[in-house]
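Trainee: I would like to learn how to read the features of a model like this one. Can we go through it step by step?

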Amino acid sequence: MDSAEERAVRDFIAKEVPDWDDDVVSVARFKAFSGQRSDWHPRFLFWRDLILKVATHFGLLFIKTSQVKSVWFNRGGLTPLCLDHVLSLMYNEGDLTRIVDLADPTSGRLSQLFRKVSNLVARSTPDIVSEEFVILTSLLQSKAAEIVKHLSESHWNSSCIITMKKFQDICGGPDEASAILRYMSGHGTAQYLSISRKEFIEGVKVSLSASTLSSISNLDYDVLHLIWTTEKLQQQLDVIDKRYESLILLGQESQRWLVYIQGTKNWSLDMQGRLSWPPRVEISVHHF
C-alpha cells in the first residue's frame, strides 16, 4: 500500500468516524482491553466493524496486519494498543482466516490431510498478529459468489470448466485465485484438475448451481484440453493480428515518408530552378 492509498484509507476513516480527531475520545478507544469482556466489548465491536469497512471499501481480500496496526489507525504516531487483541478475536470468531487454514486442492491428498491435522492442532492458539497477511472471510465469500455469477453469464449448464489462467484473470491475480479456489474447493463448489500431455495443463471446474460438484470424469479432462487448445490458438491469432497491424502501420509510415521525401525533392528542384533565374544570356559582339 503506497502513500496515496494510505491517505485514502485515513480519509475514509475520518468520514466513517466523525469524532476520529477528538483527542479525549481517542484516548479511551486506543487503550488496551482490560477487565471483563463486557467492559471492552463495545470497543472491540467498534474496531472490528471499522476494519471490515475499510477492507470491504477498498476491496482488500488480503490484509497486512502490520499496516492495520501501524498505518491505518495511526494518529500522529499513536496507534491503538488493543489491535492485537482485536485481530486475534476476529480470527477466533471467523472474521479473519489464514491461507494455511484453507486446504490447497493443487496439492496431493496426503499433503492435504497432513495440513488439516496440523491446522487442527495449531488452530487453538495461533499468533495471528505474526502473520504477514490474513484474509477477510466475508470478502472471500463475496468474491467467490462474484466468480460464479460472472461464469453463469456465459455458461448455461450447472457447471463449467475453465483453464487456470482464465480463473486467475477473473479472480484478479494468482494470489487471489489461490485463496478463492481453496475456499470454493473446501465448500464443494470448485475442483482443481490437471493433465500432463505435451504440456502441463491446469484447470478449474466450477459449480454454477447450489449443488456441490460430482467427481472429476474423463470427459472433464478432455473438455479442459479442448478449451486450453482453443485459448492457445486464440493467443496465437492475437499475436498474428498484432504483427499484421504493426506491418500495416509500418507500411503507412513508410508511405508517408515516401510522400515527404518526394515532396522535399520536388521543392528542392523548384528552389534550384528559382535560384538559377534569370537564365544565362550570352552577349555576342559583332564587328563591322
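Trainee: Which strands does helix H8 lie across, and at about what angle does H8 run to S4?

Mentor: Keep in mind that this is a predicted model. Helix H8, residues 164-171, lies across S4, S5 and S6. Its direction is at about 100° to S4.

Trainee: What is the order of the three strands in the open sheet?

Mentor: In general, strands of a sheet pair through backbone hydrogen bonds, in either a parallel or an antiparallel way. Here the order is S4-S6-S5, and the pairing is antiparallel. Strand S4 (159-163) and strand S5 (190-196) each have a single partner strand and stand at the edges, so one side of each has no neighbour in the sheet. From one strand to the next, the twist averages 25°.

Trainee: Over how many bridges do S5 and S6 pair?

Mentor: Seven bridges join S5 to strand S6, residues 200-207, in the antiparallel sense. As a point of reference, Gln 191 is opposite Lys 205 in S6.

Trainee: Now the helix packing. At roughly what angle do the axes of H7 and H8 cross?

Mentor: Two packed helices are described by the angle between their axes and by the distance between those axes. The axes of helix H7 (residues 137-152) and H8 cross at roughly 115° and come within 10 Å. The crossing is right-handed.

Trainee: Which residues of H7 and H8 meet?

Mentor: From H7 there are Ile 147, His 150 and Leu 151, which meet Phe 167, Ile 170 and Cys 171 in H8. By class, this contact of H7 with H8 has five nonpolar residues, one polar and no charged.

Trainee: Is Cys 171 buried or exposed?

Mentor: Cys 171 is buried, at a relative accessible area of 8%. Cys 82 is also buried, with a value of 1%. The structure holds zero disulfides.

Trainee: Which residues are buried in H4?

Mentor: In helix H4, residues 65-72, the buried residues are Thr 65, Gln 67, Val 68, Val 71 and Trp 72. Their cover includes helix H1 (3-16), helix H3 (37-57), strand S1 (62-64), helix H5 (83-92) and strand S3 (133-136).

Trainee: Where is Ala 32 placed?

Mentor: Ala 32 sits in the loop between helix H2 (23-30) and H3. Its relative accessible area is 39%, so Ala 32 is partly exposed. Leaving aside neighbours within four places in sequence, Ala 32 is in contact with Arg 43, Leu 81 and Cys 82. Ala 32 and Val 86 are 54 residues apart in sequence, and 9.8 Å apart in space from C-alpha to C-alpha.

Note on methods
Residues numbered from 1 in each chain as written. Predicted model: local features only at pLDDT ≥ 70, side-chain atom pairs only at ≥ 80, totals over all residues. Heavy atoms only, no water. Pairing = 2+ DSSP bridges. Helix = DSSP H or I, 4+ residues; strand = E, 2+ residues; numbered from the N terminus. Axes fitted to C-alpha atoms, helices over the stretch in contact; angles between N-to-C directions. Contact = heavy atoms within 4.5 Å. Disulfide = S-S within 2.5 Å. Buried < 20%, exposed > 50% of the residue type's maximum accessible area, 1.4 Å probe, protein only. Left-handed = near helix turned anticlockwise from the far one by under 90°. Nonpolar A, V, L, I, M, F, W, Y, C, P; charged D, E, K, R; others polar.
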